[in-house]
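Keep the structure open while you read.

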Amino acid sequence: MAELTVRLGSAERVRARAPVDLGAVERNCATLKRHLGRAHLCAVVKADGYGHGATSCARAALAGGATWLAVATAAEAAELREDGIAAPLLVMGALTGAELEVALDAGADVVVWTEEFLRAVEATDRPARVHVKLDTGMHRLGTPDPDVAHRLVDRVAARDGLDLVGVMTHFATADEPESDFFDTQVERFRPFAEDVKRSHPGCIAHAANSAAVLRSEAAHFDMARCGIAVYGMDPFGQNPSLRDLEPALSLHSYIADLKELTPGESVGYGRSWTASTQTRVAVLPIGYGDGYRRGLSNAADVVIRGRRFPVVGTISMDNITVDVGDAAVAVGDSATLIGADGGERVTAEELARTLGTINYEITCGVSARVPRVPLRS
Ligand SMILES: Cc1ncc(COP(=O)(O)O)c(C=O)c1O
């Protein structure tokens, strides 16, 4: 996709578009790097860069100070390599035998936590860069047994063709400031990481996600794997500007039609909203087929000409309706569903709160039907 330099939020009649500000991605990485000091920043660009576009965000993150990238799947690693991304690249997820081959073909690092998977890596008879994962309490990926982890480390280090690159863990509650389980996990990982690094000085230790980076220097170790904050969203679900993060993605549509409603008339499927006064309803050609979730029916605001207006009626697959009253708005006006216009901003965090979910799901949920438009502010 060509990189465009356009004014953020510029009015264009496109039914649904998602500008992605790569300048913001770059600056968010610089902000994270300032927190990290000497520790490396690994930008997590899985799930198409949390819905922002993996390759363009990977480039922006590297320009902003990231030196590593991480994805969840082998196919995601292969795609980045096909696009010419050469940085160290970690595939964090579980891999089948076929996926392992794809990851190694891509020259990506893989994560080992069972004897069985290490045997599969050895059986490929190919050079591989390996990270060993200790499960310190997430109880998802990783071995919970430090002795098993040490045995895997020693076997990787001793084997020709295998390179012991790192040891890692992942936090379950870094984004819950009151949780002391985070500290428990840090203290379970630390002695393991220190032991490994004593016998294998080139090996790096990494544990922190975005929340952990912002929460505690004790969790930084040699590298942090940050996703959500790279895209300018707040890992604690608060206003991103409180932590100097700049949301990179916005979501826009336009007013395709204006309907006059008299009191008692309803709008949309199921007649879930009825006008109580004479009013006008703006029809925007965007809906849950674009990832603007149906749960936002009668529960969210859209910004038009720098003013918030409420979404009224049930969100359908391809259209939403907004009560604009007698405001000076017109057919063709740009409408902002996520992002800023004038002094108003609708954040992914705000929509997530309304939906009882997290900001991650909001941007990942913007569907493939919506063109991402890379730009630079
Ligand atoms: C293993 C691992 N590390 C790091 C991250 C990045 O986390 P965040 O987006 O909260 O920074 C993720 C994302 O879920 C992950 O699964």
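Start with how spaces are found. A 1 Å grid is laid over the protein atoms alone; a cavity is a set of points where a 1.4 Å probe fits but cannot get out, and a pocket is an open set with protein on both sides within 12 Å along at least five of seven lines. Lining residues have an atom within 4 Å of a point. The model is predicted: local features need pLDDT of at least 70, side-chain atom pairs count only at pLDDT 80 or more, and totals for chains, interfaces and linings use all residues. Residues are numbered from 1 along each chain as its sequence is written, and side-chain values use heavy atoms, leaving out hydrogens and water.

Begin with the cavities. The search of the whole structure finds two of 30 Å³ or more. A volume here is the space filled by probe spheres set on the points, which are joined across faces, edges and corners. The second largest cavity holds about 30 Å³. Its lining is Lys133, Asp135, Thr136, Met138, Arg140, Leu141 and His170. By class, that makes two nonpolar, two polar and three charged residues. Ala, Val, Leu, Ile, Met, Phe, Trp, Tyr, Cys and Pro count as nonpolar, Asp, Glu, Lys and Arg as charged, and the others, Gly among them, as polar.

The largest cavity has a volume of about 50 Å³. Among the residues that line it are Leu251, Tyr292, Arg293 and Val366. This lining has eight nonpolar residues, one polar and one charged.

Now turn to the largest pocket. Its volume is about 760 Å³. The pocket is lined by 37 residues, and Lys46, Tyr50, His170, Asn209 and Tyr360 lie nearest its centre. The lining divides into 20 nonpolar, nine polar and eight charged residues.

What sits in the largest pocket? The ligand does, meaning that more than half of its atoms lie within 2 Å of the pocket's grid points. Helix 2 (46–51) and strand 9 (223–226) each give two or more residues to the shell around the ligand. Helices (H or I, at least four residues) and strands (E, at least two) are DSSP runs, numbered from the N terminus.

The shell has 13 residues (each with a heavy atom within 4 Å). Lys46, Tyr50, Ser210, Ile228 and Tyr360 come nearest.

A polar side-chain atom of Ser210 lies 2.6 Å from a ligand oxygen. The side chain of Arg225 has an N or O atom 2.9 Å from a ligand nitrogen. Gly227 uses its backbone: an N or O atom there is 2.9 Å from a ligand oxygen.

Conventions. A polar contact is a pair of N or O atoms within 3.5 Å; within protein, one must be able to donate a hydrogen and the other to accept it, and residues adjacent in sequence count only if both atoms are side-chain atoms.
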